[in-house]
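Morning, everyone. Please look at the screen while I walk you through one structure.

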Amino acid sequence: MTSLLSACTMMGQPKTFTFRHNPIAADPQAAGSAQVMTQAGGMVTTTLTLTGLTPGKTYAAHYHAFGPDSNTDPCASNGPVTVGFPSFTADAAGRASTTVTSEMAKIAGDQGAYINVHYGDDLKVVPVCAPLKMTKG
Ligand SMILES: [Cu+2]
């Protein structure tokens with residue numbers, strides 16, 4: 001009974017992670033959050049809500065695994081993409097959101113260390129990053 005209850009309370013309790021700005025000049029006001037909600041059947045839905053983007057600009061966002069370049073800062077670890085979000089375009093006020101539902105296993109542990117938001121036309125430009133897992137391993 002206890003385990004059933006905890007399983008029920010786990011589900012539908014979203015976790016929220018905050019985007020932080022990277023030390024670059026692009027989109028200096030960019031900010032937002034990632035809401036991660038466990039679903040039935042080993043799935044998870046993640047919604048990004050962003051402000052301060054360039055109006056009309058298209059963006060890409062991904063989950064990334066913890067990479068080789070840092071053990072303590074996922075956003076600086078340069079890890080590979082594990083799950084991609086549908087690309088999205090900022091509205092006239094610089095607001096945007098995107099949602100993806102994926103298998104939990106794809107973003108479990110080090111596989112889901114951080115979420116990057118990239119310029120759609122230049123993926124090297126990453127205005128904001130949300131760290132989800134602060135240490136590797
Ligand atoms: Cu990415």
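How many disulfides does the structure hold? It holds 1 disulfide, meaning a pair of cysteine sulfur atoms within 2.5 Å.

A quick word on ground rules. This is a predicted model: local features need pLDDT of at least 70, side-chain atom pairs count only at pLDDT 80 or more, and totals for chains, interfaces and linings use all residues. Residues are numbered from 1 along each chain as its sequence is written, and side-chain values use heavy atoms, leaving out hydrogens and water.

Back to the disulfide. Cysteine 75 pairs with cysteine 129, with the sulfur atoms 1.9 Å apart. The torsion about that S-S bond is about -85 degrees, so the disulfide is left-handed. The pair links distant parts of the chain, 54 residues apart. Cysteine 75 sits in the loop between strands S5 (58-64) and S6 (81-84). Cysteine 129 is in strand S10 (residues 128-131). Strands here are DSSP runs (E, at least two residues), helices are H or I runs of at least four, and both are numbered from the N terminus. Both cysteines are buried, that is, under 20% relative accessible area with a 1.4 Å probe, protein chains only.

Now the metal. Which residues coordinate the copper ion? They are His62 (ND1), His64 (NE2) and His118 (NE2), at 1.9 to 2.0 Å. Donors are N, O and S atoms within 2.8 Å of the metal (3.2 Å for Na, K and Ca); water is not among the atoms, so sites may look incomplete. Along the chain, the donor spacing is H-x1-H-x53-H. Histidine 62 is buried, at 15% relative accessible area. Histidine 118 is buried too, at 7%.

Terms used: Buried < 20%, exposed > 50% of the residue type's maximum accessible area, 1.4 Å probe, protein only.
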